[in-house]
Amino acid sequence: MKVSYSWLKDYVDCNLSAEEVSDKLTFCGLEVETLEKEELVKGGLKGVVVGEVLTCEEHPNSDHLHVTKVNIGGDTPLDIVCGAPNVAAGQKVAVATIGTTLFFGEKPITIKKGKLRGCVSEGMICAEDELCLGTSHDGIMVLDPSAVPGTPLKEFLGLNDEYGFEIGLTANRSDATGHIGVTRDLCALLSLDNYNAGKKEFVKLKMPDVSGFKADNHDLNVKITIEDSQACLRYAGVSVSGVTVAESPEWLKKRLMSIGLKPINNVVDISNFVLFETGHPLHTFDADKIGGKHIIVKKLPQDTVLRTLDGIDRKLSSEDLIICDENEGMVIAGVFGGEKSGISENTTNVFIEAAVFDPPTIRKTSKRHGLQTDASFRYERGVDPEMTIFALKRAALLIKEIAGGKISSEITDVYPNPIPRKQVTLLYDRVNRLIGKEIPKEEIIFILQSMDFDIVSNDNDQLVVGVPTAKYDVYREADVIEEVLRIYGYNNIEIGREQNFTFGNTPKPDPEKVGEIAGDFLCDNGYMQIMNNSLCAEELSKLVPAFAPENNVRVLNPLSKELNIMRRSLIFGGLQSIIYNINRKAKGLKFFEFGNVYSYHPEFADSKNVDKKYEEVQHLAIFATGNYVNESWYAQKRDATFFDIKSDTLRLLHRIGIDMKRENEEEIDGIFGKTLLIRIDKTEIAQICEVPQNLLDYYDIKQNVFFSDILWANALKLKGRNKISFSPLPKFNDTRRDLAIVVDKQVKYSDIVNLTRQKGGKTINSMNLFDVYEGITVGVGKKSYAIAYFLRDDDKTLTDEQIEKTMTQLINLYGKEFGATIR
């Protein structure tokens, strides 16, 4: 949430710098993520000064340009050619001097000395839009006659340096969603500083004065009816008539721009101003468009259509709370306004709404329609019911002051079940035990009072407090203790001499350690680790026919349609990372990701065993695309291939300690098409494939991508089975023999390896395929494998007769099993 430093200082007297305020807020739980010095106007008006037009004459070579002499406080007036129709001698104007950069239009423009139709121009007399101070381009900006030539325009307009805090507001801090709420914490911190200095004085929060509120007449009364009092806890409203919708005054525009909001018009801007001041959302209606002058808060039938302010027709749920008139729905309560009842430039009569809605109801509606607004952000967390009438009065008085008009009704406040302050009992002993330090009772009471807690009763051992209604999530003793600790200061709690810990029973093999080994291996081989969201769009699963829709794990209240199911595969996040990097000119990419994939089994829908209904399995995904070997003096540039990622996968499995002598391979029709399935004995451990074209097209990837999907849970099990044993170095050398055998084309090398391991004899230590040939010389439907065999006996030197006997046995074995012949 964006907070303005100068705006905060409107509500408290303090001399703290922006940096000091930032530190104090962070240490009390309102973490300031960034503190930035901000320019209210882009470019900060550097180089723009006040000028006085001394003379203004017609340009000799133009029918619309003027040649002026402008005093900007220097020794010599500037010659400036100006095309504005309203320029005249004697005016005080805004002058962009030579070298100044202006930020209007598509590209920044730097002012240079030049000639316009033969006349020298040494600067530019600017209009509002050219300085980003407004939208008007009807003519140059004419300043007040009191302006002194040469004064920087920024100084003349009072555009002082502004500091902005970006606060990482947690969900439980509904009390700090406005500047007043943040200042309330700051006042408590400053009060504690007084207490520690020996002055038991509270620093007061300076609330804006609304005591002048009163109805000027009763010409525009609007009736309010709440039909659903569980979803709408309080609804109040007041009318203002005779309003003129126009541009907001400068001070109001500056306030909104300081927190990143774009001014719209005075009525809407006041509504936004009060929202960010008090943290209480408001909504303004064109009162003339409220049918029957009657507001009805209720839920409408399923699939009722309401057109919202963005021009979209939205089908409502029967669970959505709607603000209606006597004819139709007008507003999605607490979330988004309707098009018909909104404020326009023709509006003259305004009805202002301030309400308290049930947070879960608003949260569900917001997620259901994919609408996250400033109002819903606050209503979802809970707003302060004690702030409702104050916010309403504040807005009405500002509209009366800025937009004219008269307050034309009393405040109508429908509050069926007033919300009392929650009472919580606080045991002093438990405060000290949970905080880890003994805080004096008097100081605890002082801290709570500084945050507007009521002291209901105070005994020797316990304290009963009334919790401010702004603190929606404070209702337990532990919550109140946390409030005390926030203001007392986490950094004021000393670290004790003793630290308690428990010994963990780490499983063997340790999944974390094995994961680190795998990650280090892949990084050493040029891969980069990625992390993606475990949520994805359901439309992605539809691209893969093997993913049946009924097996998707759906999110009940998704943040958006792009995040409505749990991912079925790591391939989607990997491809998203690949196209993101390709779009930034990175062509050679090697990624890996550890993550879980999810599926639902509807056949166990009635089972009480959650593990049967839902499956969550950890995988390791490896991706390679584009340049696999970069161009260099010693190697030629080469793109990744299927065999590259296969090799990396097998080497990885070997690195983490899996016995690859038991590996076997099979080509299958996998989830993503033609796939190489790798097993260790009968346990599936990896699938390797080329990413299918339809997925590449979806992500607009124009190059081949290869994907290896390792079942990490199975890899850990296999790692655990592999016992490490010692064997001495061999005393005898290997003997190599080569065979070139011709087999049917469908016979795989892995079949030959598996058969050799099973029946080839103990003296075959290893084998290596060094050539594969297909051609007319070996016959149609045939291929030749050239294999090197390495033979060794650990007890003695093999004789030629023993070696030849082994090779003859192999030839006979291959002939019997595969119909092989020697080439």
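Guide: The talk that follows goes through ring pairs, pockets, cavities and a sheet.

Guide: This is a predicted model, in which local features need pLDDT of at least 70 and side-chain atom pairs count only at pLDDT 80 or more, while totals for chains, interfaces and linings use all residues. Residues are numbered from 1 along each chain as its sequence is written, and side-chain values use heavy atoms, with hydrogens and water left out.

Visitor: How many aromatic pairs does the structure hold, and what makes two rings a pair?

Guide: The structure holds 19 aromatic pairs. Rings of Phe, Tyr and Trp (for Trp, its six-membered ring) pair if their centres lie within 6.5 Å, and planes under 30 degrees apart count as stacked, over 60 as edge-to-face and the rest as tilted.

Visitor: Why is the pair of F594 and W712 called edge-to-face?

Guide: The ring centres of F594 and W712 are 5.1 Å apart and their planes stand at 75 degrees, so the pair is edge-to-face. This pair links distant parts of the chain, since F594 belongs to strand β30 (residues 589–600) and W712 to helix α19 (residues 712–721), 118 residues apart. Helices (H or I, at least four residues) and strands (E, at least two) are DSSP runs, numbered from the N terminus.

Visitor: Why does F594 count as partly exposed, and why does W712 count as buried?

Guide: Buried means under 20% relative accessible area, exposed means over 50%, and partly exposed lies in between (1.4 Å probe, protein chains only). F594 has 21% relative accessibility and therefore counts as partly exposed, whereas W712, at 1%, counts as buried. Another edge-to-face pair is formed by W633 and Y634, with 5.1 Å from centre to centre and 80 degrees between the planes; W633 and Y634 are both exposed.

Visitor: What makes R378 a charge over the face of F276?

Guide: A charge sits over a ring if NZ of Lys or CZ of Arg is within 6 Å of the ring centre and within 35 degrees of the ring normal. R378 lies over the face of F276 at 4.8 Å from the ring centre, and R736 lies over the face of F770 at 5.4 Å.

Visitor: How do you know what is a pocket and what is a cavity?

Guide: On a 1 Å grid over the protein atoms alone, a cavity is a set of points where a 1.4 Å probe fits but cannot get out, and a pocket is an open set with protein on both sides within 12 Å along at least five of seven lines; lining residues have an atom within 4 Å of a point. Grid points are joined across faces, edges and corners, and a volume is the space filled by probe spheres set on the points.

Visitor: What volume does the largest pocket have, and which residues are closest to its centre?

Guide: The largest pocket has a volume of about 1600 Å³. It is lined by 43 residues, with L650, E663, E665, Y749 and V753 closest to its centre. Strand β39 gives the largest share of this lining, 7 residues.

Visitor: What kinds of residue line the largest pocket?

Guide: Its lining divides into 16 nonpolar, 14 polar and 13 charged residues, where Ala, Val, Leu, Ile, Met, Phe, Trp, Tyr, Cys and Pro count as nonpolar, Asp, Glu, Lys and Arg as charged, and the others, Gly among them, as polar. The second largest pocket, with about 680 Å³ of space, has a lining of 14 nonpolar, 9 polar and 3 charged residues, and α6 supplies the largest share of that lining, 4 residues.

Visitor: How many cavities of 30 Å³ or more does a search of the whole structure find?

Guide: The search finds 2 cavities of 30 Å³ or more. The largest cavity holds about 110 Å³ of space, and of its 14 lining residues S174, D175, T278, G279 and D384 lie nearest the centre. The second largest cavity has a volume of about 50 Å³, and its lining divides into 6 nonpolar, 3 polar and 3 charged residues.

Visitor: Why do β39 and β41 stand at the edges?

Guide: An open sheet of 4 strands has the order β39-β40-β38-β41, with antiparallel pairing. Each of β39 and β41 (821–822) has a single partner strand, so one side of each is left without a neighbour in the sheet.

Visitor: How do you know that β38 and β41 pair?

Guide: Two strands pair if DSSP finds at least two bridges between them, and strand β38 (residues 735–744) and β41 pair in the antiparallel sense over 2 bridges. V742 stands opposite T821 in β41.
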